[in-house]
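Here is a friendly note to read alongside the model. Please keep the structure open and look up each residue as you go.

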Amino acid sequence: MFFKRLEISGFKSFANKTTLDFSLASIRPPGLNESGPPKPGKAGGSAFPSRLDSTKLARSGFSPEARKNTLTVVVGPNGSGKSNIADAIRWAMGEHSLKSLRSKKAEDIIFAGSGKKARLGSAQVTLSFDNSSQKIPLDFAEVTITRKIFRNGESEYLINNSAVRLQDVVDILAKAGISKEGYAVINQGMSDAVLNVTPLERRFILEEAAGVKQYQIKKERSLRKLDSTENNLKNVGALIAEIEPHLRILKRQTDRAQKGEEISRKLKEKHTQLLSWLWKNFQEERETFSRGKNDLGVRMMNVQREVDKISDELKKESDGAKPDARMDEKEEKKSAVSAAINQGEKELLICEARIEIERDRLLQKKIIQSLPVDLAYVREKLADIQKDQDGLMEKMEAIRNLEELAALKETVKKIRERIEILRLDAGKGHVEIRDEKAELAQKESEAKVRDWEKEKSRLDAELNERKNEWESVKKEIAAAVVEQRRSRERFFELEKKLYQKQDELNKFKDCFNEAKIKLAKVEVREEDLIAEINQELRKNPQDLEWDGQAVERESLEKEINRLKFQLEQIGGIDPLVVREYAETRERFDFLTKESADLEKAVLSLKEIIVEMEQKIDKVFAAAFEKINQEFTKYFRIIFGGGNAHLSKINLKSQISNLKTVNGTEEEGETLEATDKENKSQEDKKETGVEIFACPPGKRISHLSMLSGGERSLTSLALLFAIIAYNPPPFAILDEVEAALDEANSRRFGKIISELSENTQFIIITHNRETMRQANLLYGVTMGEEGISKLLSVRLDQVGQDGKIIK
């Protein structure tokens with residue numbers, strides 16, 4: 001495992017993103033950055049952001065195998081921010097003590113701003129490790145651990161850019177032999193702290209060096225789990241003690257409820273047997289009544305249709321038997337035709353009379369044209385005749401009836417007679433005279449005669465037509481009278497048939513109504529039976545199936561009543577009691593099982609704790625002896641002689657202190673009982689580690705008698721002993737040799753050089769001797785803007801004249 005790279009952004013004085021690359025495999029000539037060619041001594045962000053290829057690396061004389069014996073030194077004036085690098089590493093490893101980070105509040109570690117740069121909202125530190133050896137238990141060749149913090153107090157941890165918990169970071173580092181509380185990061189003053197702490201705290205430091213951190217973590221977790229488990233066990237026991245009496249009461253009630261359930265089950269079976277049988281019989285009975293009702297309904301509907309049919313026919317015949325309006329019309333038509341015939345005959349007689357008169361006039365006019373010689377006589381007679389003819393014409397125009405027509409004929413006859421007499425008189429001797437007016441009048445009379453003859457022909461035709469029509473209407477009336485008589489006979493016949501069918505229909509209706517009443521009674525019984533089934537069985541009647549077993553209804557009903565009585569004797573049990581018993585029983589069983597599991601867990605945790613303590617004690621014992629030897633060795637190297645060693649001492653337990661303070665025997669007994677449960681743990685706490693150091697030529701009985709320099713050297717000797725025993729992958733030392741003189745500084749540098757064979761060192765120092773041992777030198781500066789910046793150089797590339805060898 002190798003600490004490859006440190007990236008800082010916004011942490012304390014490192015406002016800009018700054019990268020410290022500790023990997024020799026990635027070192028370039030000093031000052032090379034991404035933005036341009038090498039610029040030696042240029043302050044900026046990443047000192048070595050890029051990588052050399054294998055050819056250049058081989059040419060430079062470095063190989064991956066030489067990475068471990070590297071020593072990186074960070075130098076810079078006071079206040080430049082170089083110690084912030086150690087703080088950043090410790091913070092990224094999970095340190096949450098603001099005092100250890102030299103801060104008062106969380107936001108103090110975020111760049112607070114300066115006169116030329118505003119404050120930042122977050123800080124981020126990333127540690128990159130080469131994990132080719134798989135010392136970190138992750139399947140990655142390179143592992144990065146990142147911690148971020150924001151001004152609102154939120155923070156996050158990332159491993160290879162995946163969010164994790166703080167505990168995850170602590171666990172993987174502990175398994176790799178690194179912890180924030182250990183000796184991987186030694187800040188200013190921490191080297192002397194090992195001499196100032198109590199023997200018990202000093203033991204914890206040595207345990208950390210012994211590599212038992214993972215056992216301690218497991219033990220501490222087991223202790224916390226044990227405490228939590230014992231509390232849970234106590235709570236579970238209290239709950240069991242509380243539940244058990246109530247459970248017994250619930251069990252008695254549940255037993256009664258179960259007995260009631262058994263009776264209810266039997267009662268349900270009997271009810272099912274009875275009701276399914278009744279339902280089957282009811283279905284059959286209802287089917288019989290329904291089928292009979294349907295048959296009656298069909299027959300009734302057939303008769304009803306016949307009744308309706310006869311009623312329709314009867315209605316038609318009734319309409320035919322009624323006085324027919326058409327008969328009246330025909331009678332009226334017959335009367336009208338008769339009147340028309342009479343009128344036609346009248347008009348015909350008038351027309352004939354007119355013709356006859358006109359013919360007489362023609363005849364008269366011819367006689368007058370052959371007059372006797374006695375002209376005066378003839379004229380006188382003709383004047384009279386003419387006067388009578390004129391009167392005849394006026395009467396002819398005013399004629400209204402046959403009587404008047406007969407009188408008119410008589411007058412015509414008389415005029416003829418008079419004309420005949422006048423002719424005979426004229427025969428005795430006469431003279432013919434031609435009269436033109438008479439001739440014209442004769443022509444007009446002939447024309448009139450022809451017209452009247454035509455009119456007579458027309459009147460004859462119309463009269464014949466009227467007579468034919470009268471005969472036709474007369475026949476129609478006779479036929480209608482016959483049809484009306486036949487319709488009345490059919491009407492009476494249908495009326496009789498309708499009465500018979502209606503009587504038959506009424507009988508069917510009575511039977512149908514009786515069937516409906518019977519079916520309604522069955523349906524009422526159906527409702528009662530369905531209600532009983534729903535009440536007793538809580539199921540649909542259609543779901544009942546009769547098993548075919550014969551049922552004695554009376555005995556079965558007695559059995560049902562007996563079971564009901566037993567059920568009433570038991571009384572009503574709240575179903576919630578059974579449910580509560582089941583839930584309480586389930587909870588009781590769960591708690592009982594939980595109690596047993598907790599007891600097993602307590603035993604298991606105690607075994608784990610004992611096992612971890614045994615491992616810790618075993619590893620600590622071996623480590624103590626080895627560290628003690630190394631401590632003596634390095635003390636003599638640093639001081640050039642003298643003697644120093646570590647020793648285990650027994651301390652008074654807290655129990656004894658409480659006994660002394662309280663002075664009460666009862667409390668002491670209680671605490672003693674508690675102490676017996678954790679005897680092994682208390683025994684461990686009563687063992688501490690004391691340091692005895694005596695420089696050459698002096699007699700020192702206590703560490704307080706050492707000078708400041710001697711204390712620093714002694715603490716360094718113990719630090720080197722711890723590192724020599726269990727070399728950490730890397731160690732960050734922050735001005736731990738500040739109090740050493742030049743000779744001791746050389747010794748310090750020599751020891752560091754030896755230890756760097758197994759440990760990667762990053763040292764923050766002002767000491768020139770330490771700088772001389774460095775493979776890589778970083779310089780930290782701070783300008784007017786108050787931001788820390790880096791300068792870097794590889795000392796093996798610096799020539800004798802101080803110039804960088806390309």
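1. Let us begin with a charge and a ring: the charged end of Lys648 sits over the ring of Phe624, 5.2 Å from its centre. Here, "over a ring" means that NZ of Lys or CZ of Arg is within 6 Å of the ring centre and within 35 degrees of the ring normal. Arg203 places its charged end over the ring of Phe620, 4.3 Å from the centre.

2. A word on the basis: this is a predicted model, where local features need pLDDT of at least 70, side-chain atom pairs count only at pLDDT 80 or more, and totals for chains, interfaces and linings use all residues. Residues are numbered from 1 along each chain as its sequence is written, and side-chain values use heavy atoms, leaving out hydrogens and water.

3. Next, Phe631 and Phe635 form a tilted aromatic pair, 6.2 Å centre to centre with 55 degrees between the planes. (Rings of Phe, Tyr and Trp, the last by its six-membered ring, pair if their centres lie within 6.5 Å; planes under 30 degrees apart are stacked, over 60 edge-to-face, and the rest tilted.) Both Phe631 and Phe635 are buried, where buried means under 20% relative accessible area, exposed over 50%, and partly exposed in between (1.4 Å probe, protein chains only).

4. Phe720 and Phe748 are also a tilted pair, with ring centres 5.6 Å apart and planes at 40 degrees. Phe720 is buried, at a relative accessible area of 0%, and Phe748 is buried at 2%.

5. Finally, one aromatic cluster is formed by Phe3, Phe22, Phe129, Phe730 and Tyr778.
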